[in-house]
Amino acid sequence: MSPFRIKQKWGFVFLVIVAVVYATLYSIDFNSSGKRVKEIYFADRVTAAHRTLIEKYNKMREGEVKIVPIDFPNYEFSTNERKELLARSLRGRGDGIDLFAVDLIWVRRFAKWCEPLDKYFDQRERSRILHSALESCYFDGELVAVPLDLVQGVMYYREDILKKNKNGSRIIEELKKNITWHDFIELKKQFTGEDPFYIFPAADYEGLICSFMELVLSLRPHYFEEEGFNLNTPEAERSLQLLVDLVNEYKLTPKIVTEFTEIPSYEYFIKNDALFIRGWPSYDKDFEESPFDPEKQKYLKKVPIPHFADGRPTSLFGGWNLMVSKFSDKKEDVVDFIKFLLSDESQEIFYKEAGYYPVTNRFYEDQLYIDRYPDAHEYKDMIKTGVHRPAHEEYTRYSEIMSHYFEMAIRNEITVKEALEKSTNGIRFDQVITKKF
């Protein structure tokens with residue numbers, strides 16, 4: 001049995017155990033007056049910010065409601081594994097999960113198991129939330145999720161290494177102004193050492209597709225509205241060719257990246273003194289509790305991801321949305337907890353302790369927050385370059401097809417044209433099969 005299947009099996013067993021514990025506690029958990037305490041089971045990756053806010057909410061609602069977290073730590077579960085475990089659990093009517101976080105690209109897949117939220121969030125409440133974050137929360141015109149946090153593709157660099165170059169300060173200023181891929185590739189010539197130059201995760205998984213999407217949407221912002229998932233186009237070819245060339249022609253990136261998801265790529269980046277890495281702004285906090293090298297990590301700085309000279313600066317949105325299980329019998333209390341998490345105070349804690357962009361407009365507009373967090377103005381400008389992946393119910397399946405062939409192309413096992421043709425044909429075949437059944 002593969003490691004993934006073993007992990008999936010034990011992950012599902014874990015959720016079943018939670019369900020049993022849930023049922024037991026539900027029957028015996030009473031406060032001092034004999035009133036039953038409602039326990040809300042919340043599935044997410046539990047960061048320091050989560051722990052702070054759950055403890056705060058539980059104190060506010062002590063004797064009435066208790067939030068019980070179900071943790072999916074990054075070191076144990078990839079996003080794909082987490083998705084499959086949640087889907088399997090919800091097919092079995094939830095297994096005691098009341099509230100769960102989904103990658104924003106999963107919303108359409110999970111909508112059939114979730115409570116519609118239109119009646120809980122009026123227009124005033126929605127207007128508090130960033131449009132860029134709320135955009136991914138609708139399905140068939142109905143609000144089925146709300147954003148918990150937002151991230152966006154960024155490039156990190158090692159400031160200490162860069163400043164050893166005689167042109168280091170000038171290079172940093174160029175990077176801050178949205179450098180082109182051509183200039184970035186030329187920059188490599190100024191660094192003659194053996195240390196890796198640029199790292200991006202290129203294993204057969206969603207992270208590889210994020211890099212591809214940033215490239216193709218830089219060249220053609222409405223690509224998927226106009227082409228669907230037809231990848232036999234000049235823009236798609238040029239985008240995948242760049243990823244292949246970074247590894248095989250320009251030698252900016254070692255071929256070992258085809259084995260890396262986010263965490264292994266970051267570990268390799270730190271331990272091998274690489275200069276640049278494609279990542280998310282939450283990396284600053286993601287590895288605080290289990291750092292690979294705190295001394296090196298303190299020199300990490302963020303800049304925009306390079307873009308094609310004839311394209312526009314573009315970075316992909318990521319993040320996590322909250323969905324309420326339609327099987328929960330505590331929906332009103334679940335929504336109350338969600339609104340607590342969407343308060344300006346809670347969103348500030350998510351930013352300070354977890355590194356996520358707040359999803360409330362006030363953080364970027366109120367002078368109080370701007371004075372407190374000078375980076376807020378920079379993030380507001382960055383968000384303007386953000387793009388979403390295609391909003392399609394079967395996107396995750398199509399992404400798996402693409403990542404399989406794209407990784408093969410980066411390994412030089414097939415050509416770029418073959419990878420795009422095989423991906424397009426695989427997606428079309430999947431569409432035919434889905435319609436048939």
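Let me begin with helix 13 (residues 262-271), which lies across strand 7 (154-158), strand 8, strand 9 and strand 10 and runs at about 160 degrees to strand 9. Some terms: helices (H or I, at least four residues) and strands (E, at least two) are DSSP runs, numbered from the N terminus. Axes are lines fitted to C-alpha atoms, for helices over the stretch in contact, with angles from 0 to 180 degrees between N-to-C directions, and contact means heavy atoms within 4.5 Å.

This is a predicted model, in which local features need pLDDT of at least 70 and side-chain atom pairs count only at pLDDT 80 or more, while totals for chains, interfaces and linings use all residues. Residues are numbered from 1 along each chain as its sequence is written, and side-chain values use heavy atoms, with hydrogens and water left out.

Now the strands under that helix. They form an open sheet of four strands in the order 8-9-7-10, with mixed pairing. Strand 8 (198-199) and strand 10 (300-303) are at the edges with a single partner strand each, so one side of each has no neighbour in the sheet. Two strands pair if DSSP finds at least two bridges between them. Strand 8 and strand 9 (residues 276-279) run parallel and are joined by two bridges. Within this pairing, Ile-199 stands opposite Ile-277 in strand 9.

Is Ser-282 buried or exposed? Ser-282 is buried, with a relative accessible area of 5%. The cut-offs are under 20% relative accessible area for buried, over 50% for exposed, and partly exposed in between (1.4 Å probe, protein chains only). Not counting residues up to four places away in sequence, Ser-282 touches Val-151, Tyr-156, Ala-354, Gly-355 and Tyr-356.

Next, another set of strands. Strand 1 (residues 38-44) pairs with strand 2 (residues 65-71) in the parallel sense, over seven bridges, and Tyr-41 stands opposite Val-68 in strand 2. With helix 2 (residues 48-60), strands 1 and 2 make a right-handed β-α-β unit. Right-handed here means that, with the strands pointing away from the viewer, the path from the first strand over the helix to the second runs clockwise.

Strand 1 also runs parallel to strand 3, with two bridges joining them; the bridge partner of Ala-43 is Phe-100 in strand 3. Strand 3 and strand 11 (residues 315-324) run antiparallel and are joined by five bridges, with Val-102 partnered by Asn-321 in strand 11.

How many residues of strand 3 (residues 99-103) are buried? Five of the five are, so strand 3 is largely enclosed by the rest of the structure. In a regular strand the side chains alternate between the two faces of the sheet. Leu-99, Ala-101 and Asp-103 point one way from strand 3, and Phe-100 and Val-102 point the other way.

Helix 16 (residues 331-341) has eight of its eleven residues buried, so helix 16 is also largely enclosed by the rest of the structure. Among the buried ones are Lys-331, Asp-333 and Phe-337.

On to the aromatic rings. A search of the whole structure finds 33 aromatic pairs. Rings of Phe, Tyr and Trp (its six-membered ring) pair if their centres lie within 6.5 Å; planes under 30 degrees apart count as stacked, over 60 as edge-to-face and the rest as tilted. The ring centres of Phe-229 and Tyr-398 are 4.9 Å apart and the planes are at 70 degrees, so this pair is edge-to-face. The pair links distant parts of the chain, 169 residues apart: Phe-229 is in the loop between helix 11 (223-227) and helix 12 (234-248), and Tyr-398 is in helix 21 (residues 395-410). Phe-229 is buried, at 10% relative accessible area, and Tyr-398 is buried at 2%.

Seven residues should be read together: Trp-181, Phe-184, Phe-191, Phe-197, Tyr-198, Phe-200 and Phe-276 form one aromatic cluster.

A charge can also sit over a ring, if NZ of Lys or CZ of Arg is within 6 Å of the ring centre and within 35 degrees of the ring normal. The charged end of Arg-82 sits over the ring of Trp-320, 3.8 Å from its centre. Arg-238 lies over the face of Phe-308, 4.5 Å from the ring centre.

Last, a backbone detail. Most residues other than glycine have a negative phi. Asn-178 is not a glycine, yet has a positive phi of about 70 degrees. Asn-178 lies in the loop between helix 8 (168-176) and helix 9 (181-187) and is partly exposed, with a relative accessible area of 26%.
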